Amino acid sequence: MKHHLERAKHVYRTRGVEELARSALSYLPIEINNLVFRLRHGTGTKVMAEDWDTLILLDACRYDMFAERVSFDGELESRISLGSTSEEFLERNFADGEFHDTVYVNANVYFPKLDLDRNGTFHAVIDLLDDWDEDLEIAHPETVTDAAIEAHERYPNKRIIVHYMQPHLPFIGERGLELRERVGQRNAWVPFRNGDHPISVQELWDGYNENLDVAFEYVAELLDDIDGKVVLSSDHGNMVDERQGPIPTKRMFGHPWGVYSTELVRVPWFVVPFDERRAITTEPPVTNRGQSDELVEERLRSLGYRE
């Protein structure tokens, strides 16, 4: 019942009362599928309860695409994420906690909307929404890597979360930029969800996979510069012309809120080999400036979440 109320509030907050009324019946098969999924797989993993010194989050990275493309040495497992969107993942993992042994290096636009950068949730937050690549309309993975290396040097006795925005759209690779021009939209999921197909589904996969390969290039640089136990994971995955089951739904693209399937919430949990652990200590949070609502809304528009 709590989840139903959360979904209703989310739809009302983001789309209004008319959409809330229209969506009530259409979500019934999804809710039945969600129930079946949770009975099979459980409610998910709280990442702060897991064992790691550095947690690298690759935004919107499916387990299967990670497994196919990862080339690092390490042990691949999987976890069930607490959310099918960044907003849901962040809220359910961090909103009610205090993690003063942890520093968060953030490139995700939903992070400041939950006031996680201002309310003392973490020891420190390094927010990168100001360090925006205006041409690509995203925080570049090189920017995130540089900030993460600096954070490890500045906070050697803290757990550190590094949240890259790739492979989440928009496309930033050479092939992806060509596709993006043809799509005519920053977020390529949008026309597909609206019934348009400006590129093929395979080309959509090509851009998505290329984004992950670009992210891996910069993650490799980060791994060369940090120590301790490092885990690579994700906040959620994506649907790419797939249906949720066992009751078939319409074909989905992207990551709708509150929809649970293996494509959306089964995420990689990749443990990188390590020699020594970092000594982690807890200290009071430092002052975090936070981001203005105007900047956050501007960044959300850049990613196609706002008109």
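Visitor: Before we start, what does "buried" mean here?

Guide: A residue is buried when its relative accessible area is under 20%. The model is a predicted one, and buried residues make up 57% of the 307 residues in the protein.

Visitor: And how much accessible surface does the protein have?

Guide: The accessible surface comes to about 13,900 Å², and carbon and sulfur atoms hold 47% of it.

Visitor: How many helices and strands?

Guide: The protein has eleven helices and nine strands.

Visitor: What is the strand order in the open sheet?

Guide: The order is 2-9-6-1-5-3-4, seven strands with mixed pairing. Strand 2 (75–80) and strand 4 (122–127) are the edge strands, each pairing on one side only. On average, neighbouring strands in this sheet are turned by 20° against each other, with direction ignored.

Visitor: Which helix packs on the sheet and touches strand 5?

Guide: Helix 6, residues 141–154, does that. Helix 6 also touches strand 1 (54–58), strand 3 and strand 4, and its direction makes about 175° with that of strand 5.

Visitor: Let's take strand 1. In which sense does it pair with strand 5, parallel or antiparallel?

Guide: Strand 1 and strand 5 run parallel and share five bridges. Leu55 has Ile161 as its bridge partner, and Leu57 stands opposite His163.

Visitor: How many bridges to strand 6?

Guide: Four bridges join strand 1 to strand 6 (residues 230–233), also in the parallel sense. Thr54 stands opposite Val230 there.

Visitor: Why is strand 1 described as largely enclosed by the rest of the structure?

Guide: Five of the five residues of strand 1 are buried, so the strand is largely enclosed by the rest of the structure. Thr54, Ile56 and Leu58 are buried on one side, and Leu55 and Leu57 are buried on the other.

Visitor: What about strand 5, how many of its residues are buried?

Guide: Six of its six residues are buried. One face of strand 5 holds Arg159, Ile161 and His163, the other Ile160, Val162 and Tyr164, and both faces are covered.

Visitor: How many bridges join strand 3 to strand 5?

Guide: Five bridges join strand 3 (residues 99–106) to strand 5 (residues 159–164), and the two run parallel. Across that pairing, Tyr104 stands opposite Ile161 and Asn106 stands opposite His163.

Visitor: Changing topic: which residues touch the most other members in the largest nonpolar core?

Guide: Ile56, Leu58, Phe94 and Leu232 do, in a core of 74 residues. Helix 9, residues 201–225, gives the most to this core, with eleven residues. As background, nonpolar side chains tend to be buried together in soluble globular proteins.

Visitor: What is Leu232 in contact with, leaving aside neighbours within four places in sequence?

Guide: Its contacts are Ile56, Phe66, Phe72, Phe216, Val219, Leu223, Pro268, Trp269, Phe270 and Val272.

Visitor: Which residues are included in the second core?

Guide: The second core is separate and has ten residues, among them Tyr27, Ile30, Phe37 and Met239.

Visitor: Where is Ser261?

Guide: Ser261 sits in the loop between strand 8 (252–254) and helix 10 (262–265). Leaving aside neighbours within four places in sequence, Ser261 is in contact with Phe37 and Met239, as well as Gln244 and Arg266.

Visitor: Is Ser261 buried or exposed?

Guide: Ser261 counts as buried because its relative accessibility is 6%, against a cut-off of under 20%. Its side chain makes a polar contact with the side chain of Glu263, at 3.0 Å.

Visitor: And Phe171, where does that lie?

Guide: Phe171 lies in the loop between strand 5 and helix 7 (174–183). Phe171 counts as buried because its relative accessibility is 2%.

Visitor: Which residues is Phe171 in contact with, leaving aside neighbours within four places in sequence?

Guide: The contacts of Phe171 are Gly176, Leu177, Leu179, Arg180, Ala188, Leu204, Gly207, Tyr208 and Asn211. For Leu204, which is 33 residues from Phe171 along the chain, the C-alpha atoms of the pair are separated by 9.5 Å.

Visitor: Last one, on contacts in the protein between residues at least 6 apart in sequence: what share joins residues at least 24 apart?

Guide: The share is 76%.

Conventions
Residues are numbered from 1 along each chain as its sequence is written. This is a predicted model: local features need pLDDT of at least 70, side-chain atom pairs count only at pLDDT 80 or more; totals for chains, interfaces and linings use all residues. Side-chain values use heavy atoms; hydrogens and water are left out. Two strands pair if DSSP finds at least two bridges between them. Axes are lines fitted to C-alpha atoms, for helices over the stretch in contact, and angles run from 0 to 180 degrees between N-to-C directions. Contact means heavy atoms within 4.5 Å. A nonpolar core is a set of buried Ala, Val, Leu, Ile, Met, Phe, Trp, Tyr and Cys residues joined through side-chain atoms within 4.5 Å. Buried means under 20% relative accessible area, exposed over 50%, partly exposed in between (1.4 Å probe, protein chains only). Accessible areas come from the Shrake-Rupley method with a 1.4 Å probe; for residues, only the protein chains shown count as cover. A polar contact is a pair of N or O atoms within 3.5 Å; within protein, one must be able to donate a hydrogen and the other to accept it, and residues adjacent in sequence count only if both atoms are side-chain atoms.
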